[in-house]
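I opened my notebook to go through one chain.

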Amino acid sequence: MTNLIQAAKFFAHYFKHYKLGMAVIGLFTILATYFQVTAPVYMGKAIQEIANYMGKALNPATRAQASLSQVHTAVWFFLLFSLLMLVAQLINYVMQAIVSSNSVNDMRKGLFGKLQTMTIRYFDAHQDGEILSRFTSDLDNIYNAMNEAIFQLFSQGVLMIGVLWMMFHQNVTLAWVTIAATPISLLLAYLIIRRAEKYVNLQQDEVGHLNGYINEQINGEKVIITNGLQAESVKNFEDYNQRVKDATYRGQVWSGILFPLMSGMSLVNTAIVIFFGGYLTLNGTLDRAVALGLIVMFVNFSQQYYQPISQITATYNMLQLAITGAKRLNEVFEQADEVSPADGIIFTGLKDKVELDDVHFSYQEGHEILHGIDIEVDKGQMVALVGPTGSGKTTVMNLLNRFYDVDQGVVKFDGTDIRKFNLASLREHVGIVLQDSVIFTGTIRYNIAFGKPAASDDEVYAAAKQAYIHDFIMSLPEGYDTVVNDEHSIFSTGQKQLLSIARTILTNPDLLILDEATSNVDTVTEAKIQKAMDNVIHGRTSFVIAHRLKTILNADKIIVLKDGQIIEVGTHQELLAAKGFYAELYHNQMVFD
Ligand SMILES: Nc1ncnc2c1ncn2[C@@H]1O[C@H](COP(=O)(O)OP(=O)(O)OP(=O)(O)O)[C@@H](O)[C@H]1O
Ligand SMILES: [Mg+2]
């Protein structure tokens, strides 16, 4: 029930942008319903007139007065009202298509826009495929339901009211007879819907898991092939697929039962109406012709009365999928946005120093990763972070441009808590070269100028030269116009990192964070990365995470992290002299070089 209310709010939110369209739909729904419930009255009247006519025609005394003109009039009205109903419905369908396609369009835009305001935490905690399935499967379900079920729900509701009104207007006794079995039908529907709902919800969750798995496996195809795990991958896939199938099947069966069951109830009800109608006729409380007309009319009404019930139940699966879809989209919309203080201080560049003061941090509650980190870096200094894998180096970097916020302690730029700065201005001055380089679909020029699209060609070339990637780019037949993308990239890992460095150089940040790629690169590329790093670091305050200690020999300060704690601090010489963890690490690496 809460899901239903939530879904109703969700749809209302989007529909409210189409007030005119909704007004047209509302008006024509009422008109169509009026025509629809009036038509049977004329049909009943036609039957009544036929009975009258036959009564007169069969009696020699009154034969001369018998006339079919009343029958004709009634039939014409019946046809006219049926036609008007069709026209009104047609106008409605067109309007519904306009409103639904536009609202789904808005939802898609809203969802993507929302993603762009969310914290990194969300993306770190959710599989890509999971997120993607909200754009595909859930939005498709909502669209289908809007076209075929949601507006129906409204028009069928109006029809129900219209039929009730007309029935009680025509004959109260027969009206009661017609609706007598309703509680039984509703109870049956409710019981079945409750089961169906469970499986339809499950189905969408399972589809999300399946998409997540497929996405991950496709991304990891090389690792799968290398390890000969193709069969394993297929086997796991089958498990996911089976779960989707089971949930879909159960949901479909339970919601599929509804329509035939309600159609059956409608038939039973029609029989009841005929039976009681016949009883009324034979009992002689009504004129024969009138009674006959009433029976025909109420047979029609009985079917119309059950139409909303069976229509809604027929499209129930669709509705349920849309409710689930709305719930899953709401889950995204309810995620916390990145917080930028309302009138945050505009950060205009680092003037003095960066400090981390007793910083504690955990990705997941109760599982602390950084346990009280203190770092102080003066403007223009280069700090290197070293330490075993998983020691928290990247995590420290994540805090410096507020991908995440500290749990305890504070990160300060020039003595001001960075949470007090306007977020955009903060990030403008913090450049980051990620450990995993990212390539966007587009030309190489576009990729380098990503953070500064207005950059001139000369600026782009200069950045690429400083990053030692210019010559490689020029060696490609199409040079800077070569189209690349992340999956089908012509770059090696080292070259990708060089490209990321060029991208960062171009934005000219005050504070630079460089998370060195761990992968092994050839010595030539390594030397290039080294030189590119020197170029980009020059004259800036920088945090460098280095795996190859050779790259940080001249750092102003080397910080050794282990298990989320700083265990050593000093220059290269100082740390060597201390003969501690760093000295050992350094000697081990030297042996290999
Ligand atoms: N998004 C995340 N959610 C939960 N835990 C995470 C997340 N990212 C990292 N961790 C955990 O935090 C710890 C520190 O990870 P971090 O990435 O900072 O290590 P690192 O020092 O950069 O390692 P590497 O040298 O391999 O890059 C690890 O134990 C890791 O499992
Ligand atoms: Mg790392």
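Which domains does the domain assignment of the chain give? I noted domain 1 at 100-333 and domain 2 at 353-592. I am reading a predicted model here. I then looked up how far apart the domains sit. Their centres, taken over C-alpha atoms, are separated by 51 Å.

**Entry: α7 and α11**

I took α7 (residues 182-219) and α11 (residues 316-333) next. Their axes come within 9 Å and cross at roughly 50°. I logged their crossing as right-handed.

I listed the residues that meet. From α7 they are Ile-193, Ala-196, Glu-197, Val-200, Asn-201 and Gln-204. From α11 they are Tyr-316, Asn-317, Gln-320, Leu-321, Thr-324 and Arg-328. Sorted by class, this contact of α7 with α11 holds five nonpolar, five polar and two charged residues.

**Entry: α1 and α11**

I found α11 in a second contact, with α1 (residues 2-15). The axes of α1 and α11 come within 9 Å and cross at roughly 75°. The range 65 to 115 counts as roughly perpendicular, so α1 and α11 are roughly perpendicular to each other.

Which residues of α1 make the contact? I wrote down Asn-3, Leu-4, Gln-6, Ala-7, Phe-10 and Phe-11. On the α11 side I have Ile-323, Ala-326, Lys-327, Leu-329 and Asn-330. The contact of α1 with α11 divides into seven nonpolar, three polar and one charged.

**Entry: α6 and α9**

I moved to α6 (residues 172-179) and α9 (residues 230-283). Their axes come within 9 Å and cross at roughly 150°. Angles over 145 count as roughly antiparallel, and α6 and α9 are therefore roughly antiparallel to each other. The crossing of α6 and α9 is right-handed.

Leu-174, Val-177 and Thr-178 are the α6 residues I recorded here. They meet Asn-269, Ile-272, Val-273, Phe-276 and Gly-277 in α9. I counted classes for the contact of α6 with α9: five nonpolar, three polar and no charged.

**Entry: ligand 1**

How many residues surround ligand 1? I have 13, and the closest are Tyr-363, Thr-389, Lys-393, Thr-394 and Thr-395. The elements giving two or more residues to this shell are β1 (353-364) and α12 (393-400). I noted that α12 provides the largest share, three residues.

How values were computed:
Residues numbered from 1 in each chain as written. Chains lettered and ligands numbered in written order. Predicted model: local features only at pLDDT ≥ 70, side-chain atom pairs only at ≥ 80, totals over all residues. Axes fitted to C-alpha atoms, helices over the stretch in contact; angles between N-to-C directions. Helix = DSSP H or I, 4+ residues; strand = E, 2+ residues; numbered from the N terminus. Left-handed = near helix turned anticlockwise from the far one by under 90°. Contact = placed C-beta atoms within 7 Å. Nonpolar A, V, L, I, M, F, W, Y, C, P; charged D, E, K, R; others polar. Domains from an automatic or database assignment. Near = placed C-beta within 6 Å. Parallel < 35°, antiparallel > 145°, perpendicular 65-115°, else oblique.
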